[in-house]
Amino acid sequence: MSSNPTPAPEGKTFFGHPRGLFVLFFAEMWERFSFYGMRAILIFYLLQHWMFSEEKAYAIYAAYAALVYIAPVLGGYLADRYIGQRRAVQFGAVLLVIGHGLMAFEGPGPAQYPEFTPADMQSGMFINIFWLALAFIVMGVGFLKSSISVLVGQLYEPGDERRDPAFTIFYMGINLGAATGSLLAAWLGQTFGWAWGFGAAGVGMLLGLVV
């Protein structure tokens, strides 16, 4: 089933724009809150909790970042050809909630057990939960990011002069979520514990899914 590029009926407006714009604004704001909140503490998590060497920690971080930017290519293709943009956004949001939720399961670490070695930390159930969490986040971003901007454009008829201002409003949500997520998740993670920082990112994504 391919997606329908025809703009949806506008219906009621809010500040001169379709109300759907502000639904997408808040959904994307919370998605960016969770994404950048998690990234803000990921490298410290790899170094301080999982006790990876700097070289390996940065390699993991770089691989994760690369996959996050590549995944929307596949997600966009599947949305265009088979499931449509709306379902892709919803499916991506569900995957992100699962992924960020799993990130909060850090397990015992060197803070509780100073005698732990890197080999102790990098084996067992909790490290596998961590890899699974990253996989869910990569897939979730791939589906959501490839389609949510398309939905913004579909709210307007071709040539509608409100389209450019609509994308400006939408991108304000991206910047707002990225800034607040980076600050809040980093502060919680370094002050109260990793689960608090990643948990805040997960709650943010859950709010995005609700929206």
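Predicted model: local features only at pLDDT ≥ 70, side-chain atom pairs only at ≥ 80, totals over all residues.
Two packed helices are described by the angle between their axes and the distance between the axes. For helix α1 (residues 19-49) and helix α7 (residues 194-210), the axes lie 8 Å apart and the packing angle is about 160°. Because angles over 145 degrees count as roughly antiparallel, α1 and α7 are assigned to that class. The crossing of α1 with α7 is left-handed. On the α1 side, the contact is formed by Ala 27, Trp 30, Glu 31, Phe 33, Ser 34, Met 38, Ile 41, Phe 44, Tyr 45, Gln 48 and His 49. On the α7 side, the contributing residues are Trp 194, Gly 197, Phe 198, Ala 200, Ala 201, Gly 204, Met 205, Leu 207 and Gly 208. Classified by residue type, the contact of α1 with α7 comprises 13 nonpolar, 6 polar and 1 charged residues.

Helix α1 also packs against helix α3 (residues 85-103), with axes that come within 12 Å and cross at roughly 30°. The two helices are therefore roughly parallel, since the angle falls in the class under 35 degrees. The crossing of α1 and α3 is left-handed. From α1, the residues in this contact are Glu 31, Ser 34, Phe 35, Met 38, Leu 42 and Tyr 45, and these meet Leu 96, His 100 and Met 103 of α3. The contact of α1 with α3 contains 6 nonpolar, 2 polar and 1 charged residues. Glu 31, Ser 34, Met 38 and Tyr 45 of α1 take part in the contact with α3 and are also listed in the contact with α7.

Beyond α1, in the loop between α1 and α2 (54-83), lies Met 51. The phi angle of Met 51 is near 60°, a positive value in a residue other than glycine.

Ser 147 is located in α5, which spans residues 125-154. The relative accessibility of Ser 147 is 0%, so this residue counts as buried. A polar contact of 3.5 Å links the side chain of Ser 147 to that of Ser 146. When residues up to four places away in sequence are not counted, Ser 147 touches Ala 79, Gln 85, Ala 88 and Val 89.

Ile 129 likewise belongs to α5. At 19% relative accessibility, Ile 129 is counted as buried, because the class takes in values under 20%. Apart from neighbours within four places in sequence, Ile 129 contacts Leu 102 and Phe 105. The C-alpha atoms of Ile 129 and Leu 102 are separated by 6.6 Å, although the two residues are 27 residues apart in sequence.

Val 150 is a further residue of α5. The relative accessible area of Val 150 is 33%, and this residue is therefore classed as partly exposed. In sequence, Val 150 and Arg 86 are 64 residues apart, while their C-alpha atoms are 9.4 Å apart in space.

Technical notes: Residues numbered from 1 in each chain as written. Heavy atoms only, no water. Axes fitted to C-alpha atoms, helices over the stretch in contact; angles between N-to-C directions. Helix = DSSP H or I, 4+ residues; strand = E, 2+ residues; numbered from the N terminus. Parallel < 35°, antiparallel > 145°, perpendicular 65-115°, else oblique. Left-handed = near helix turned anticlockwise from the far one by under 90°. Contact = heavy atoms within 4.5 Å. Nonpolar A, V, L, I, M, F, W, Y, C, P; charged D, E, K, R; others polar. Buried < 20%, exposed > 50% of the residue type's maximum accessible area, 1.4 Å probe, protein only. Polar contact = N/O pair within 3.5 Å; in protein donor to acceptor, adjacent residues only side chain to side chain.
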